[in-house]
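Me: Please take me through the strand pairing and the nonpolar cores, with the cut-offs behind each term.

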Amino acid sequence: MVDRLVNSEANARRIAMVEGCFGSSGQPLAVPGRVLVGEGVLTKMCRKKPKSRQFFLFNDILVYGNIVINKKRYNKQHIIPLEEVKLESLEDDSHFRNGWLIRTATKSFAVYAATATEKQEWMAHINKCIEDLLRKSGKKAVEVHAAVWVPDSEASVCMHCKRTQFSMLNRRHHCRKCGSVVCGPCSNKRYLLPSQSSKPLRVCLNCFDTLSKQKSGSGSTPDKLGLKERSGSADSSGEEDSSGEEDNGRPQDDPGQPKFYG
Ligand SMILES: [Zn+2]
Ligand SMILES: [Zn+2]
């Protein structure tokens, strides 16, 4: 059981180790009651391509980062509160196996383990942590989750108009509602998606129509201005960890198997 690790010296040492590996690029992770439940390398589907990421499962948060030096140095720390997380198993296909979705209100993405056993272990441990957390807090699981973004490489033409060929000039954009890759004109509207942001977000024309029809005094207001494309803006690269770090995504020679302590 995870609970017996609370206040244990081994747990404190492991958490200090994780903090040390992130160094000043990370948040303090040692808080009362927190337990490191497991750790390991998973392949995370990013906007451009799949990349190796180091994951740490705590009893209340999921932390991941880029691997600078295997088992020694990580950066680009992301922290996901487990209360918001919902997992969804993915079927194996010819390219990707042993995967599942990690869905949260603000960000959803797919990860892949090396083997079916590792997938099953990760999912079981994460789900157990979520269950325990929700039971203790009495909160309900979050119902609305952000769309999983279709990777850029899967769309050479706009998924809405099916005409625009993507290029340096015709950049790809992602609908924040359905995750489709669409061209600028097919995503020139914004819509308020309160679960994701307090500001209206880019949506495709399909989703804009659907959302506008659904709306009946729910507080959501479509942005009818049809914002002009801001050239060079980074908002279509919503994934902070998607650019300028190509070297960090190499598969590790020997990532090792995940370790679970609980
Ligand atoms: Zn289009
Ligand atoms: Zn859409």
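**Strands and cores**

Reply: Strands E3 and E4 (residues 73-81) are antiparallel, with seven bridges between them. This is a predicted model, where local features need pLDDT of at least 70, side-chain atom pairs count only at pLDDT 80 or more, and totals for chains, interfaces and linings use all residues. Residues are numbered from 1 along each chain as its sequence is written, while chains are lettered from A and ligands numbered from 1 in the order in which they are written.

Me: Why are E3 and E4 called paired strands?

Reply: Pairing requires at least two bridges found by DSSP, and E3 and E4 have seven, so they pair. Strands (E, at least two residues) and helices (H or I, at least four) are DSSP runs, numbered from the N terminus. Ile-67 faces Tyr-74 in E4.

Me: Why is E3 described as mostly covered?

Reply: Seven of the nine residues in E3 (residues 61-69) are buried, that is, each has 20 or more other C-beta atoms within 10 Å of its own, with C-beta atoms placed from the backbone.

Me: Which residues touch the most other members of the largest nonpolar core?

Reply: They are Phe-56, Leu-57, Phe-58 and Leu-62, in a core of 30 residues. A nonpolar core is a set of buried Ala, Val, Leu, Ile, Met, Phe, Trp, Tyr and Cys residues joined through C-beta atoms within 7 Å.

Conventions:
Buried ≥ 20, exposed ≤ 12 C-beta atoms within 10 Å, placed from the backbone.
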